[in-house]
Amino acid sequence: MFGVKKKIIKLRDNYQIDHCPQKVINKIWLHTYGHKINWESPNDLNEKIQWLICFGDTSRWPDLTDKYKVRDYVAQKGYNNILTKLYGVWDDARKIDFDSLPSKFVLKCNHDSGSCHIVDKSRPYNQNDIIRELNKSLRTKYGYIHCEPHYNEITPCIIAEEYLEMPEDYFSSSLVDYKIWCFNGKPYSFFTIYNRTKDSISISSYDLEWNVHPEHCAFSNYYRDGGNKVQKPSSFNQMLEIASNLSEGFPEVRVDLYNIHGRIFFGEMTFTSNCGRMNYFSKAYLEEMGRQVKLALK
């Protein structure tokens with residue numbers, strides 16, 4: 001009986017996420033923060049992202065969140081040169097011809113987060129496990145997991161892309177993600193992530209003059225203080241230009257780029273960073289960024 005009740009509750013929540021996400025967000029918010037959102041006057045960046053989910057114009061969110069379709073948008077903006085090489089697209093992982101792919105590549109789903117597989121043919125890898133896990137991801141309605149309904153409007157597929165090699169003697173164990181926060185087409189700050197492991201990542205926050213601001217971050221055992229180790233990237237002004245053009249027309253969006261010896265690569269665009277419940281920024285900084293988001297409040 002308990003299992004049946006749990007299933008009914010899940011079906012109800014899924015229906016509400018698709019048709020009335022505000023009800024589900026209210027429940028999540030109360031459970032997470034111990035209070036309700038002030039929908040009439042949302043304050044910080046997290047709250048305003050929730051408002052946009054429920055009341056904003058999200059018509060373009062699915063295509064630009066789609067890791068495959070967003071490539072067309074980037075190319076239309078004149079930045080085809082920053083796209084990684086695309087090796088293939090499939091609706092079923094069993095159709096992937098691994099032998100035809102290069103010695104090193106990335107496989108991932110276009111509609112979720114965390115389904116990425118790096119394949120290096122010089123090392124052992126389990127092809128069957130990868131196929132099974134990717135097909136499982138294809139069947140997952142990602143928007144139901146954290147109440148992000150625009151993900152459910154993406155037609156799932158698998159893409160194979162170029163693997164970006166790290167430079168020799170790189171200071172980080174992983175490439176630096178340059179996450180550029182933009183408001184109404186204007187870059188506001190950089191959030192960098194590097195030294196990625198299963199147990200922790202290093203983070204830093206920089207303003208547009210490349211001054212580090214540790215006070216912007218809420219460090220934890222997982223979100224570690226990376227210090228001021230990330231140097232101002234080459235082609236910095238070009239990164240700002242790209243982020244500005246890609247984010248034009250949106251109250252808020254995070255544009256993710258990579259920069260390898262001055263060559264810029266596109267990562268993704270994210271409208272609901274960390275589901276709009278970011279816990280790696282300080283309360284004061286979330287409020288500061290929230291003030292940059294202009295909503296069409298009644």
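Asparagine 259 stands opposite isoleucine 264 in strand 10. Strand 9 (residues 253-260) and strand 10 pair in the antiparallel sense over 7 bridges; two strands count as paired if DSSP finds at least two bridges between them. Strands (E, at least two residues) and helices (H or I, at least four) are DSSP runs, numbered from the N terminus.

This is a predicted model, in which local features need pLDDT of at least 70, side-chain atom pairs count only at pLDDT 80 or more, and totals for chains, interfaces and linings use all residues. Residues are numbered from 1 along each chain as its sequence is written, and side-chain values use heavy atoms, with hydrogens and water left out.

- Buried means under 20% relative accessible area, exposed over 50%, and partly exposed in between (1.4 Å probe, protein chains only).
- Asp177, Lys179, Trp181 and Phe183 point one way from strand 5, while Tyr178, Ile180 and Cys182 point the other way.
- In a regular strand, side chains alternate between the two faces of the sheet.
- Strand 5 pairs with strand 6 (residues 186-194) in the antiparallel sense over 7 bridges, and tryptophan 181 has serine 189 as its bridge partner in strand 6.
- These two strands form a hairpin with 2 residues between them, and asparagine 184 in the turn has a positive phi of about 55 degrees.
- Strand 5 also runs antiparallel to strand 9, joined by 5 bridges; tyrosine 178 has leucine 257 as its bridge partner there.

**Strand 2 and its partners**

- Strand 2 (residues 104-109) is mostly covered, with 5 of its 6 residues buried.
- Strand 2 is joined to strand 3 (residues 117-120) by 4 bridges, in antiparallel fashion, and aspartate 120 is the bridge partner of lysine 104.
- Strand 2 also runs antiparallel to strand 4 (residues 158-162), with 5 bridges; here alanine 160 is the bridge partner of leucine 107.

**Tyrosine 68**

- Tyrosine 68 lies in the loop between helix 4 (61-65) and helix 5 (70-76).
- Tyrosine 68 is partly exposed, with a relative accessible area of 34%.
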